[in-house]
Amino acid sequence: MPVAASAIYFLNLRGDVLINRLYRDDVGGNMVDAFRVHIMQTKELGTCPVRQIGGCSFFYMRISNVYIVIVVSSNANVACAFKFVVEAVTLFKSYFGGAFDEDAIRNNFVLIYELLDEIMDFGYPQNLSPEILKLYITQEGVRSPFSSKAADKPVPNATLQVTGAVGWRREGLVYKKNEVFLDIVESVNLLMSSKGSVLRCDVTGKILMKCFLSGMPDLKLGLNDKIGLEKESQLKSRPAKSGKTIELDDVTFHQCVNLTRFNSEKTVSFVPPDGEFELMKYRITEGVNLPFRVLPTIKELGRTRMEVNVKVKSVFGAKMFALGVVIKIPVPKQTAKTSFQVTSGRAKYSPSIDCLVWKIRKFPGQTEPTLSAEVELISTMTEKKSWTRPPIQMEFQVPMFTASGLRVRFLKVWEKSGYNTVEWVRYITKAGSYEIRC
């Protein structure tokens, strides 16, 4: 169910109404008083962005020194409401020169009311694309004197943009060199036991693109996902090519992707926006290739000494390397003195986070550097609780490696003029929550 908003309010930090718009008659005009009394004056603004008072729900978000409050009287989609607020703020910023605060609202009352009538109809969100709205709401906002953003140029071919299906790209783009940059960025989330067994593991990834293409190109992206390869083999009446296939979970696409073609052919086809955008997001829970394995050994020798031995093995290929590797090994708060021996990188004791911090600037694949440390503790009579041993944490970035095994099989660009295109593909794996119990 969409938002179905009954009203929207713009308030300053004191609770004064700057602008409000009533879309339905199922709530009273004094509903903002309930928001002030039950939420603002009780200092509960930071606890939860969704509150129910009486028979109405309040969805609110603070942007700069302004609160945007949406009031609904039915069971509305909360995620859609907050998405509407974010897109609306982006739209206002494009008119106001990049600023959105109390002064910008006071200086642009007429323009904001006109935009509110266009972007929401009877409580239902409509088109919030700045490129399209600027085609027929041509009034310029009062720009902030501190804004350095240049004014947007008018977009040609208004009829095509308003009535056509491609609202995220304008016609007439021309580049001397047609290039497409594609980045697959993945974050590994891991919880591993001290013996090396995986307790929890998943990968969240996103495909980022940057397109500098002339005209109105049609792109087709092929990945080594299992469903896509099976569908391709059915269409071509022959077995799929051998190689690793993966199963993508929780896939979400940019609005430019042709979902009808994806459902029928399982190929990602799209007319890309100009410049940088996020094509898709996904998650993988099976068959994850861990870039590192950590084997810790921590011995408590009485109440005043500890021995720490940590071995980190890079599992990826020998020709690859990781950058910015940081291993944080927790130690007790009463640590007094430490001494280290490392086979690679540098280590130090950081008392602010109670950790031994081991940094390796460049970590080659198929290597096993080790850290050995002796930790001296202060013996205290008041300390009765045993040390809980928090997990070891890792930070890293591995270029040209994907923990999921996702690969780009092809990236085809078709445009009626038939120009040549240069495609660049890059893979990056980072640490999300990479923890090892010790």
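This is a predicted model: local features need pLDDT of at least 70, side-chain atom pairs count only at pLDDT 80 or more; totals for chains, interfaces and linings use all residues.
View 1. The largest cavity has a volume of about 30 Å³.

**View 2. Residues around the largest cavity.** Ile 8, Phe 10, Ile 68, Phe 84, Val 85, Ala 88, Phe 92 and Leu 116 line the largest cavity. Two elements each give two or more residues to this lining: strand S1 (7-12) and helix H2 (78-96). H2 supplies the largest share, four residues.

View 3. Eight nonpolar residues make up the lining of the largest cavity by class.

**View 4. Glu 102 in helix H3.** Glu 102 sits in helix H3, which covers residues 102-106. Its relative accessibility is 14%. Buried means under 20%, so Glu 102 counts as buried.

**View 5. Contacts of Glu 102.** Which residues does Glu 102 touch, leaving aside its neighbours within four places in sequence? They are Asn 12, Arg 14, Leu 18, Asn 65 and Val 66. With Asn 12, the Glu 102 side chain also makes a side-chain polar contact of 3.4 Å.

**View 6. Glu 102 and Tyr 67.** These two residues lie 35 residues apart along the chain. The C-alpha atoms of Glu 102 and Tyr 67 are separated by 9.6 Å.

Methods: Residues are numbered from 1 along each chain as its sequence is written. Side-chain values use heavy atoms; hydrogens and water are left out. On a 1 Å grid over the protein atoms alone, a cavity is a set of points where a 1.4 Å probe fits but cannot get out, and a pocket is an open set with protein on both sides within 12 Å along at least five of seven lines; lining residues have an atom within 4 Å of a point. Grid points are joined across faces, edges and corners, and a volume is the space filled by probe spheres set on the points. Ala, Val, Leu, Ile, Met, Phe, Trp, Tyr, Cys and Pro count as nonpolar, Asp, Glu, Lys and Arg as charged, and the others, Gly among them, as polar. Buried means under 20% relative accessible area, exposed over 50%, partly exposed in between (1.4 Å probe, protein chains only). Contact means heavy atoms within 4.5 Å. A polar contact is a pair of N or O atoms within 3.5 Å; within protein, one must be able to donate a hydrogen and the other to accept it, and residues adjacent in sequence count only if both atoms are side-chain atoms.
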